[in-house]
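Let us walk through this structure step by step. Keep the sequence and the 3D view side by side as you read.

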Amino acid sequence: MAGRFVPRTTAVPRQQQPAATDASASYRTWTPPGPLDLRLVLSPLRRGPADPAYRALPDGTFWRATRTPAGPGTLRVAAAPDGRVAAAAWGPGARWLLDQLPTLLGGSDAPEAFRPHHRLVATTHHRRPGLRLLRTGLVMESLIPSILEQKVTTDEAYRAWRLLVRTYGTPAPGPAGAEFAAYGLYVMPDARTWSRIPSWEWHRAGVDSKRSETVLRAVRVARRMEEAASMELPEAMARLQLIAGIGPWTAAETLQRSNGAADAVTVGDIHLPGIVGHALAGDRDADDDAMLALLAPYAGQRHRATRLILLSGHTPPRRAPRMTPRDIARL
């Protein structure tokens, strides 16, 4: 019987790849310059409750698997009783992750520069002193899931990210033992592997051709995209939007994470203008222009202001059905 034909452009699923080997850990401690709430700082990296690249444990320990310039790496961070942050890392990217630890946890952020102009924002700012804006220094790890989140429900986007990373990513390096294995952490695919995922696998993950083609255009110039991590916000926004299919919404969502961009306000969002309008002016029907006008006093800090508004919980009650999820995999 003739053997099965496998196209040369087909990526090799994770099941056919060698498992990541256990590696010795490297360690570091860091003393934050002020109050630090690890959950608030790191939560923007979490893409759904079953994100294969992120785990938050009940004991306050956080695990992150990522692809660094030095290779795959896994980072574990937890707050120590003396106020320091204790970190351990594994894999080829371990040293890079530990070197970048202060930056990741908002060490280069300047929350003291923020000045509230509304009572609700001031109250939340006072109650959340540990909020700092993270900065990963990695563009593609935030750009790809942000593309997957374009114009779909979060559940659809999280499912797509989960399926694609588990199928085409690699098991995260880490300590030996059943406890770590149970976390099921994976490092996302590299640019070459993303580019070789066949169209039917995108379809199976529920990703339409518009979003998959945008990802493919981005990974073809991944190095140029990564350069945005060291750019000022206007230049970084422009760099990402050179790719067809990446607009202000996707660029802002990416740079909030990769660059710690305090002013990268998300425009084009379905819900955010109404939330900001309701919180600051009692206008749940606010559009992007109205939202930007309300956030004008926070110029330079508009993303931080919206984080605080969202953390306040002061959101308008729903009066319309949620967006209906689409299951294109059945089509």
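D82 sits in the loop between β4 (71-79) and β5 (85-90). Helices (H or I, at least four residues) and strands (E, at least two) are DSSP runs, numbered from the N terminus. The side chain of D82 makes a polar contact with the side chain of R84, at 2.8 Å. A polar contact is a pair of N or O atoms within 3.5 Å; within protein, one must be able to donate a hydrogen and the other to accept it, and residues adjacent in sequence count only if both atoms are side-chain atoms. Now look from D82 to T31. The two are 51 residues apart in sequence, and their C-alpha atoms are 9.1 Å apart in space.

A word on the model itself. The model is predicted: local features need pLDDT of at least 70, side-chain atom pairs count only at pLDDT 80 or more, and totals for chains, interfaces and linings use all residues. Residues are numbered from 1 along each chain as its sequence is written, and side-chain values use heavy atoms, with hydrogens and water left out. The pLDDT is the predictor's confidence in each residue, from 0 to 100. For the protein chain the mean pLDDT is 92, and 89% of its residues reach 70 or more. Over residues 1-9 the pLDDT is below 50; beyond near neighbours in sequence, this stretch has four contacts in the model. Contact means heavy atoms within 4.5 Å. Residues 15-21 also have a pLDDT below 50, and this stretch has ten contacts beyond near neighbours in sequence.

Next come the aromatic rings. How many aromatic pairs does a search of the whole structure find? There are seven. Rings of Phe, Tyr and Trp (its six-membered ring) pair if their centres lie within 6.5 Å; planes under 30 degrees apart count as stacked, over 60 as edge-to-face and the rest as tilted. Take W63 and Y183. Their ring centres are 5.4 Å apart and their planes are at 50°, so the pair is tilted. W63 lies in strand β3 (residues 61-68) and Y183 in helix α7 (residues 178-183), so the pair ties together parts that are 120 residues apart in sequence. W63 counts as buried, at 5% relative accessibility. Y183 is buried too, with a relative accessible area of 12%. Buried means under 20% relative accessible area, exposed over 50%, and partly exposed in between (1.4 Å probe, protein chains only). W63 and Y183 also belong to one aromatic cluster with W90 and F180.

Now turn to F114 and Y298. Their ring centres are 5.5 Å apart and their planes are at 10°, so this pair is stacked. F114 is in the loop between α3 (101-104) and α4 (119-127), and Y298 is in the loop between α15 (288-295) and α16 (302-312), 184 residues apart. F114 is buried, at 2%. Y298 counts as buried, also at 2%.

Charge is the next topic. Side chains of opposite charge can pair when their charged atoms come close. The structure holds eleven salt bridges. A salt bridge is a side-chain nitrogen of Lys or Arg within 4 Å of a carboxyl oxygen of Asp or Glu. One of them joins E149 and R47, at 2.8 Å from N to O. E149 is in the loop between α5 (140-148) and α6 (154-168), and R47 is in the loop between α1 (38-42) and β2 (54-56), 102 residues apart. E149 is buried, with a relative accessible area of 14%. R47 is buried at 5%.

Another salt bridge joins R64 and E141, at 2.5 Å from N to O. R64 is in strand β3 and E141 in helix α5, 77 residues apart. R239 forms a salt bridge with E227, the closest N and O atoms being 2.8 Å apart. R239 is buried at 13%, whereas E227 is partly exposed at 34%. R224, E227 and R239 are linked in a network of salt bridges.

Last, the nonpolar cores. A nonpolar core is a set of buried Ala, Val, Leu, Ile, Met, Phe, Trp, Tyr and Cys residues joined through side-chain atoms within 4.5 Å. The largest has 36 residues, and M140, L143, L164, W194, W202 and L240 touch the most other members. A second, separate core of 21 residues includes L42, V85, L97 and L105.
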